[in-house]
Every structure is written in structure tokens, then in C-alpha cells.
Amino acid sequence: MDKSKIKTFSGDAIAVHFAEDLCIGIAECGRATGALFEAGRTPWCDPDQESVAKVREIVERCPSGALTYTDASGGEEVAPADNTITVISDGPFYVSGALAIEGFEDRPEVKHRAALCRCGQSENKPFCDNSHREANFRDYGAVGDAGPGASGSGGPLKIKANPGGSLLVQGHFRIRAASGRLAWHGDKVSLCRCGASHNKPFCDGKHREIGFEKN
Ligand code: FES
């Protein structure tokens, strides 16, 4: 992730940061009512147009972590009570919670929200860069297993992109199917990030067969 690609829009009481290389155009910002974001305006984002509470709420809608804020009053973004991985139809995983993504623990952009590649084609792994579109990745995001059950809730969610292999997730969390159903609960799972598993969203070892990230 390139820190130089982060733009800051400063207001009197809150600043909004935009990490261009994490943005996959989900447009929660562009569709938000009000004047915080306005296409074609300079600046595109003007935090003084809304209350601090409203700015925080809109920024926290961004599922990729491309948008974050610094609240001058010192109020930091709080992790949601539950850690959740949402499987997006034909797209990435949206992960929200108290995230600790290995190799990116010191990056505030992905501390609470991230979009992670599951097609295997991203040039910005473990993050999604919309390569699933060009790759014609197809998976409707159903989840066929209920999981072993979580032994608690909340707390840190450790995520590791295993070299040449799966996405290892550890912590208390649930997996939401693309339909919106909270489908799986547990403390540890290996998710497919190569795009080839026959048991998506879970890893079934196919990454070895296809030589994922070996060439
Ligand atoms: S990462 Fe896709 S099958 Fe293991």
C-alpha cells in the first residue's frame, strides 16, 4: 500500500483521509445524501459541510477502508461489537471488526474495514483491486456450512494471507453470505483467496493444484 496515495481533506473539527489505492468504487460516499462529498466540486470532500457525527457515520460506511478520519476531539473510530466477514457475490470479502491484517497492522486505513481479494487476481493482494471483473470471477456467495460456533464475540481478528495459499482468519467472528444471512460462526477458518476452491468461500486445497502465486 502506497502511503503517498493518501489524500487528506481537512475541516475545522474533523479531517477525512482517502486512500486511493484501496478504493474499489463502491460509492457509499458518492451516494450519501448531504454535501460531504460532491462529484465535480473542489474539494470533492468538504468535512465542514456536515456535523462531525455525520462525517464519521458516512466515512464508516466505506467497506474497503479507503475512507478514514481523524477527529480533532480525539474520538477514534470504534471497532464494531462483532467481527464479520461478508462474502460479496462475484467479488471480494468485506471484513469489519478489530482487524489485524498481517503485514498491515500499523496501517489505520485497514484497522476496522477492508475488502480482501478472493478471485486470486488482484495486483494489490491481500486487498481487492476489482480484478475479479476482468477475470470474470463467478461465485454467488452462498455459505454451505454453519461452522463450529464461536467461543466468544468481538476482540481482535487476525488475518493472514498465507503465501501461495489461503486466507487464515483467527478470532471470534461470523461469516455473512451474500444473501445477507449470518451463516457461519467460529474462531478459526481458512478462506479461499485463489478463486479456485470448489467449496467457496472456504479453502479446499485447490491453490496447490493451480500453483497459486507460484509464477
Ligand atoms: S486458497 Fe483457494 S483453494 Fe485454497
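**Figure 1. The open sheet of β1, β2 and β3 in the predicted model.** In this predicted model, three strands are arranged in the order β1-β2-β3 as an open sheet with antiparallel pairing. Its edge strands are β1 (6-10) and β3, each of which pairs on one side only. From one strand to the next, the twist averages 25°. The antiparallel strands β1 and β2 are joined by 5 bridges. Within this pairing, K7 has F18 of β2 as its bridge partner.

**Figure 2. Helix α2 and its surroundings.** Helix α2 spans residues 52-59, and V55, I58 and V59 are buried in it. Viewed down the axis of α2, the buried residues fall within an arc of 95°, so they line one face of the helix. The cover over these buried residues includes β2 (14-19), α1 (28-31) and β3 (67-71). The helix lies across β2 and β3, and α2 runs at about 150° to β3.

Figure 3. In general, most peptide bonds are trans. The bond from T42 to P43 is cis, with omega near 0°. P43 is located in the loop between α1 and α2. A cis peptide bond also joins K125 and P126, where omega is about 10°. P126 belongs to the loop between β7 (113-116) and α3 (131-134).

Figure 4. Most residues other than glycine have a negative phi. A27 is not a glycine, yet its phi is positive, at about 70°. This residue, A27, sits in the loop between β2 and α1. A27 counts as exposed because it has 12 C-beta neighbours inside 10 Å, and 12 or fewer is the cut-off for that class. D90 likewise is not a glycine and has a positive phi, of about 60°. D90 is placed in the loop between β4 (83-87) and β5 (93-96). With 16 C-beta neighbours inside 10 Å, D90 counts as partly exposed.

**Figure 5. Strand β9 and the strands that pair with it.** Strand β9 comprises residues 167-176 and is mostly covered, with 7 of its 10 residues buried. Pairing between β4 and β9 is parallel and extends over 4 bridges. In this pairing, N83 stands opposite F173 of β9. Strand β8 (residues 156-161) runs antiparallel to β9 and is joined to it by 4 bridges. Here K158 stands opposite Q170 of β9. Strand β10 (residues 182-191) pairs with β9 in the antiparallel sense over 8 bridges. In that pairing, Q170 stands opposite K188 of β10.

**Figure 6. The hairpins on either side of β9.** The hairpin of β8 and β9 has 5 residues between its strands, and G164 takes a positive phi near 70° there. A hairpin is also formed by β9 and β10, with 5 residues between them. In the turn of the β9 and β10 hairpin, G180 has a positive phi of about 105°.

Figure 7. The domain assignment divides the chain into domain 1 (3-71) and domain 2 (83-210). Taken over C-alpha atoms, the centres of domain 1 and domain 2 are separated by 25 Å. Contacts between the domains involve 9 residues of domain 1 and 12 residues of domain 2.

**Figure 8. The chain as a setting for the close-up views.** The chain contains 4 helices and 10 strands. Its radius of gyration is 18 Å, close to the 17 Å that the globule rule gives for 215 residues, so the chain is as compact as a globular protein of that length. Read from the N terminus, the elements follow the order β-β-α-α-β-β-β-β-β-α-β-β-β-α. Along the principal axes, the C-alpha atoms fill a box of roughly 55 × 40 × 30 Å. Of the 215 residues, 38% count as buried. Among contacts between residues at least 6 apart in sequence, 56% join residues at least 24 apart.

Conventions
Residues numbered from 1 in each chain as written. Predicted model: local features only at pLDDT ≥ 70, side-chain atom pairs only at ≥ 80, totals over all residues. Buried ≥ 20, exposed ≤ 12 C-beta atoms within 10 Å, placed from the backbone. Helix = DSSP H or I, 4+ residues; strand = E, 2+ residues; numbered from the N terminus. Arc of directions from axis to C-beta. Contact = placed C-beta atoms within 7 Å. Pairing = 2+ DSSP bridges. Axes fitted to C-alpha atoms, helices over the stretch in contact; angles between N-to-C directions. Rg over C-alpha atoms; globule rule 2.2 N^0.38 Å. Domains from an automatic or database assignment.
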